[in-house]
Amino acid sequence: MNIVYCYFLSIAVALPLLISCSGEPIAKELDEEVLSQNSLLNTAFEGKIFSIPSPIQTSILLKGLAIPFNASMLNTVEYLDSYKTEYQRSLNLGVYGTDLGYSSLYNQNSYSIRYLAAVQKISTKLGLDAAFDKQFIIRFEKNLSNQDSMLLMLSDAFKQTDYFLKNSDRKVVSALILTGGWIESMYLASELNIQKQSVQIVERIGEQQLTLASIIELLSEHNTNAMNDSMIQDLKDLQFYFEKIEFKYTYKQPKTNSLDKTTTLMHDLEIKIDTDILNQISMKIRSIREKIVA
């Protein structure tokens, strides 16, 4: 990817946005690395790099498994005005952003517009409205039939917002948005796995063990007036079950590229999750998510 920044919201992928003279986005083929289900986004906080799967990758995985779109799982936009504090708004900006990415990937235009409006409204309340102004909404609506253009536009807007947060010393807000987006992504995955069990989804959930540890660390480091204490405890309770997941690495011969003088380490990873542990993880994620959106 082109730059290192937070994945927060649903599709903050590192892609350039091409704009024509008329201001309309020009469709271009999405980067294979971005669309790869194994792609990671890196976020930098206080000089530390955290590798975190983008929620868009989870949505791509679900769509690739032919799991139908399920609007009932999305956080209703009717709750938006009930989020009064910066803490609530930041977490739910991550949630609504993930729901926006999920609906956009399934070409659910009516939901995409609805959740884009929610993202714009809550962003304004957080003082982040520059990236989602009226002109952006108009351009987005004009490109509803072109999924690539929509993703590229959203990528650019989220990148601008994240850049603003990092450079205005609002890392607390950025960390909370990240947390909300991750929880919503895991909620979608775990709930859909209950409806239609999938080895791929279970593996995706299991892969989040290190991600969860990173998020706990971020929230602990940016915990103004102990505002994150309850969330940190909930995530540590969730971590208790994640630590029971078994990982088995099988060594494979490294691949060496003599032209660019690089060596790629190779291995096969087998993830084993006991059914009871998976159920506990799903229930805990649901519980945390309910607290966020309530």
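**Ground rules.** I number residues from 1 along each chain as its sequence is written, and side-chain values use heavy atoms, with hydrogens and water left out. In this predicted model, local features need pLDDT of at least 70 and side-chain atom pairs count only at pLDDT 80 or more, while totals for chains, interfaces and linings use all residues.

**Entry 1, Leu188.** I looked up Leu188 and found it in helix H7, residues 171-195. Helices here are DSSP runs (H or I, at least four residues), numbered from the N terminus. Is Leu188 buried or exposed? Leu188 is buried, at a relative accessible area of 2%. Buried means under 20% relative accessible area, exposed over 50%, partly exposed in between (1.4 Å probe, protein chains only). I then listed what Leu188 touches, leaving out residues up to four places away in sequence: Leu62, Met73, Thr98 and Tyr102. Contact means heavy atoms within 4.5 Å. I also checked Asn70: it is 118 residues from Leu188 in sequence, but 9.2 Å away in space, C-alpha to C-alpha.

The largest nonpolar core holds 61 residues. Such a core is a set of buried Ala, Val, Leu, Ile, Met, Phe, Trp, Tyr and Cys residues joined through side-chain atoms within 4.5 Å. Tyr102, Leu235 and Leu238 have the most contacts inside this core. H7 supplies its largest share, 12 residues.

Asp234 sits in helix H10, residues 229-242. I found Asp234 buried, with a relative accessible area of 8%. What joins the side chains of Asp234 and Lys291? A polar contact of 3.1 Å does (a pair of N or O atoms within 3.5 Å; within protein, one must be able to donate a hydrogen and the other to accept it, and residues adjacent in sequence count only if both atoms are side-chain atoms). Setting aside neighbours within four places in sequence, Asp234 is in contact with Lys284, Ile288 and Lys291.

I turned to the second largest pocket, with about 160 Å³ of space. Its lining includes Asn193, Val199, Ile273 and Ser282. H7, helix H8 (199-206) and helix H11 (275-293) each give two or more residues to this lining. H11 gives the most, with 4 residues.

Methods: 1 Å grid on protein atoms, 1.4 Å probe; cavity = no way out; pocket = protein on both sides within 12 Å on 5 of 7 lines; lining within 4 Å. Points joined across faces, edges and corners; volume = space filled by probe spheres on them.
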